[in-house]
Amino acid sequence: LSRESIRKEIDQFNLLTPAINQKAFIPIDYAGLANFNIKDLNKSAPVSLSEKFKKIQERKKQLTKKKFDEVEETKKLQEQTRQIYLNEKKEKERKQIIELINKARELSSNYHYKDSIAALSQALEIDESSEFKIELCVIIAKNYQFLDEYLTAQNYYFEALKEAQNKNDSRICEIEYFIAMTNKNLYKIKTAKEEFIKIIANDENSFKYRAMSSIELGEIEEADSHIELAIKHYQNAVSFALGKDKKLTCRSYYKLAILYDEENDIEHAIEYYKKNYKTSSQKSENKYYSISLTNLASIYIEQAKYNEASEYLKMALAYDDENNDIESTYFSQRELANLYSKTGDNQKALGYYRQALDSAAKLNDKFKIAFVHFEAGEFLYDIGSDIDALKEFLSAKKALKDNPKDENIERINLRINDLKMRLDNKTFS
């Protein structure tokens, strides 16, 4: 456009434009209009579109982020819900397992070992990887031991040991001890000895299992007539347990006392019997309390120290009555009968033989019944009551009919034959 043509257009515009209030009129920049280029319109349009596009894109981003956040929140809630479900499921299973363990323990205490195993196996099926796996395997193994199924028991002990080692559990030593015990029961003596020695050698192991392993080694050596080695192991057990565990200490003292007694080392036998009963009179800590007193009394009877013997037997009998221990009462009554037979108090002797028979009958132990009848027969034979003695020997023979060991029957028959010679045929018949 030329400047001349622009002027013409302006003049034409003025002719056609009505008069406008000069005060309201907005001046027009004709110079700027003259420099106006239509292409500038094409340049300004994309700028506003770009900004709009940016806003749209930003809005889309915001919406996308919001949607993403909503999805993430949903996922988070789903995961939390899943965890709550899993935790509730795990807690429910945990309670089921605990109930089954308690049920199994009760069944075992009532000698229903197979039913106990079934309950524990059910617990393992609920969750084999649970926190209770070690305990479950150990209790199952113990039940199999009660059933004399030592190989099966050992397999469960091995499973428990593997789990304990993986978890670095504190029960590793305990399980190793149980495995050694099953090897001993399976007469794998060499392996058992190696395992017990390994337990003892580890200073980090519990004193309890080191002491118990020492006692087991002592029993193995004693069975092989290695008396000095057996004594050494029992004394080691004392050193581990002394001042820490009265139950193990009492057991170790009793093992030493019995061993010395059998070896006719009476002085040491008396020493350890006394150490045993003086360490604890609690039944839960010292199940050898009464028998230690009774054995001491037996030694003193042999030494004709009847007053000392009587004192210890009365202590034992009072303790047995208090604890309702029928078996220990039986032994105390027998020794009292023996004591009074030595002192010539025949009525008291016979009275205690009768009491010992009653205790044996309560125990339903045919061998104990036979033994008292035989001892009473010997006593009556010695004092010349031949007919009463014969009745006792015949009663002893009758009691042993279900367990007729040759040596026992032979002793009884010898006495019966002696009485046959002392009595006339009519009386004997």
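What follows is a short exchange about selected parts of this structure.

Q: Before we start, is this predicted or experimental?
A: This is a predicted model.

Q: OK. How big is the second largest pocket?
A: The volume of the second largest pocket is about 230 Å³.

Q: Which residues line the second largest pocket?
A: The lining consists of Lys208, Met212, Asp245, Lys247, Leu248, Arg251, Lys283, Ser284, Glu285, Asn286, Lys287 and Tyr288.

Q: And by class, what does the lining of that pocket have?
A: Seven charged residues, three nonpolar and two polar.

Q: Which helices supply at least two residues of that lining?
A: α9 (207-223) and α11 (246-262) each do. The largest share, three residues, comes from α11.

Q: Switching to α7. How many residues does it have, and what does it reach from first C-alpha to last?
A: Helix α7 covers residues 172-185, which is 14 residues, and reaches 20 Å from its first C-alpha to its last. That is close to the 20 Å expected at 1.5 Å a residue.

Q: Is α7 mostly covered or mostly open?
A: Mostly covered, with eleven of its 14 residues buried. Among the buried ones are Ile172, Cys173, Ile175, Tyr177 and Phe178.

Q: What do the buried residues of α7 pack against?
A: They pack against α5, α6, α8 (189-201) and α9.

Q: What is Lys184 in contact with?
A: Leaving aside neighbours within four places in sequence, Lys184 is in contact with Ile189, Ala192, Glu216, Glu219 and Ile220.

Q: Now the largest nonpolar core. Which residues touch the most other members?
A: Leu136, Tyr157, Ile175, Tyr177, Phe196 and Phe393 do, out of 108 residues in that core. Of these, Ile175 and Tyr177 are also listed among the buried residues of α7.

Q: Pick Tyr157. What does it touch?
A: Not counting residues up to four places away in sequence, Tyr157 touches Val138, Ala141, Lys142, Gln145, Ile175, Phe178, Ile179 and Thr182.

Q: Where is Ile117, and what does it touch?
A: Ile117 is in helix α4 (residues 113-126). Residues up to four places away in sequence aside, Ile117 touches Ile140, Asn143, Tyr144 and Leu147.

Q: How far apart are the C-alpha atoms of Ile117 and Asn143?
A: Their separation is 6.7 Å, while along the chain the two are 26 residues apart.

Q: And is Ile117 buried or exposed?
A: Ile117 counts as buried, at 7% relative accessibility.

Q: What about Ser225?
A: Ser225 sits in the loop between α9 and α10 (227-241). Its phi is positive, near 65 degrees. At 56% relative accessibility, Ser225 is exposed.

Q: And which residue with a positive phi follows α7?
A: Tyr187, with a phi near 60 degrees.

Key. Residues are numbered from 1 along each chain as its sequence is written. This is a predicted model: local features need pLDDT of at least 70, side-chain atom pairs count only at pLDDT 80 or more; totals for chains, interfaces and linings use all residues. Side-chain values use heavy atoms; hydrogens and water are left out. On a 1 Å grid over the protein atoms alone, a cavity is a set of points where a 1.4 Å probe fits but cannot get out, and a pocket is an open set with protein on both sides within 12 Å along at least five of seven lines; lining residues have an atom within 4 Å of a point. Grid points are joined across faces, edges and corners, and a volume is the space filled by probe spheres set on the points. Helices (H or I, at least four residues) and strands (E, at least two) are DSSP runs, numbered from the N terminus. Ala, Val, Leu, Ile, Met, Phe, Trp, Tyr, Cys and Pro count as nonpolar, Asp, Glu, Lys and Arg as charged, and the others, Gly among them, as polar. A nonpolar core is a set of buried Ala, Val, Leu, Ile, Met, Phe, Trp, Tyr and Cys residues joined through side-chain atoms within 4.5 Å. Buried means under 20% relative accessible area, exposed over 50%, partly exposed in between (1.4 Å probe, protein chains only). Contact means heavy atoms within 4.5 Å. The expected span of a helix is 1.5 Å times one less than its number of residues.
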